[in-house]
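Please keep the sequence and the structure in view while reading.

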Amino acid sequence: MQHRVRAVLLTPNDTMLLIKRIRPGTDPYWVIVGGKIEPTDASPEDALLREVREEIAGEAEIVSLLHTVETDGERQDFYLATIEKWSFEDRTGPEFSQEGRGEYLLEEIPLTSEALDAVNLLPSEFATVLHEAVERGDLLAAG
């Protein structure tokens with residue numbers, strides 16, 4: 001089973017960081033920072049911190065596990081984390097240099113229902129969970 005980890009990254013500005021994906025022939029969509037757990041990662045949390053370093057050149061602090069999505073052959077753990085500094089220009093993830101992967105754009109999204117409604121966040125099951133957490137004010141309390 002493929003195991004992935006993702007981080008809902010809360011900033012000091014009461015925003016979260018999302019990656020907008022633009023690929024030929026597909027409508028734009030947004031994803032949470034993260035990726036596959038590698039055999040060299042000591043734990044899912046270590047994998048998550050590595051992915052944050054690779055994808056946005058930032059250091060995150062994990063707050064808690066927020067939700068898990070399991071589908072045929074894949075498990076994704078979504079963590080709540082805080083981040084104070086990042087540099088998208090200094091990212092090093094291997095996916096950024098692969099041909100045909102399309103564009104990756106880092107966006108800061110306000111922690112509001114309206115802002116989440118304005119983006120096509122995938123996977124949709126997690127988008128619903130995140131939307132509910134925003135409406136309850138759970139993320140503002142954690143940040």
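The model under discussion is a predicted one.

**The surroundings of His3**

His3 belongs to strand β1, which covers residues 2-10. Leaving aside residues up to four places away in sequence, His3 touches Gly35, Lys36, Ile37, Pro44, Arg75 and Asp77. Leu66 stands 63 residues from His3 in sequence, and the two C-alpha atoms are 16 Å apart in space.

**Salt bridges**

Side chains of opposite charge can pair when their charged atoms come close. In this model, the count comes to eight salt bridges. Three of them are set out in the table below.

| Salt bridge | N to O distance |
|---|---|
| Arg50 and Asp41 | 2.8 Å |
| Arg53 and Glu59 | 3.8 Å |
| Arg75 and Glu70 | 3.6 Å |

Arg75, which is also among the contacts of His3, is partly exposed, with a relative accessible area of 27%. Elsewhere, salt bridges with shared partners join Asp41, Arg50, Glu51 and Glu54 into one network.

Are Arg50 and Asp41 buried or exposed? Arg50 has a relative accessibility of 15% and therefore counts as buried, the limit being under 20%. Asp41, at 13% relative accessibility, is likewise buried. In the pair formed by Arg53 and Glu59, Arg53 is partly exposed at 38% relative accessibility. Glu59 has a value of 53%, so it counts as exposed, the limit being over 50%.

**A patch of negative charge**

Which residues gather in a patch of negative charge on the surface? They are Glu114, Asp117, Glu132 and Glu135. Two helices, α2 (113-117) and α3 (124-136), each supply at least two residues of this patch. Glu114 is placed in helix α2, and its relative accessibility of 59% makes it exposed.

**Backbone features in the loops**

Most residues other than glycine have a negative phi, and most peptide bonds are trans. Against that background, two residues and one peptide bond deserve attention.

Asp14 is not a glycine, yet it has a positive phi of about 55°. This residue sits in the loop between β1 and β2 (15-22), and Asp14 is partly exposed with a relative accessible area of 42%. Ala57 also has a positive phi, near 50°. Ala57 is found in the loop between α1 (44-56) and β4 (60-71), where it is partly exposed with a relative accessible area of 32%.

The peptide bond from Leu122 to Pro123 is cis, with omega near -5°. Pro123 lies in the loop between α2 and α3, the two helices that supply residues to the negative patch.

**A further loop residue**

Glu38 is located in the loop between β3 (29-36) and α1. At 33% relative accessibility, Glu38 counts as partly exposed. Thr128 is 90 residues from Glu38 along the chain, and the C-alpha atoms of the two residues are separated by 28 Å.

Notes: Residues numbered from 1 in each chain as written. Predicted model: local features only at pLDDT ≥ 70, side-chain atom pairs only at ≥ 80, totals over all residues. Heavy atoms only, no water. Patch = residues over 30% accessible without salt bridge, like charges linked within 9 Å, V, L, I, M, F, W, Y side chains within 5 Å. Areas by Shrake-Rupley, 256 points an atom, 1.4 Å probe, with all protein chains shown as cover. Salt bridge = Lys/Arg side-chain N within 4 Å of Asp/Glu carboxyl O. Lys, Arg positive; Asp, Glu negative; His and termini not counted. Charge placed at Lys NZ, Arg CZ, Asp CG, Glu CD. Helix = DSSP H or I, 4+ residues; strand = E, 2+ residues; numbered from the N terminus. Buried < 20%, exposed > 50% of the residue type's maximum accessible area, 1.4 Å probe, protein only. Contact = heavy atoms within 4.5 Å.
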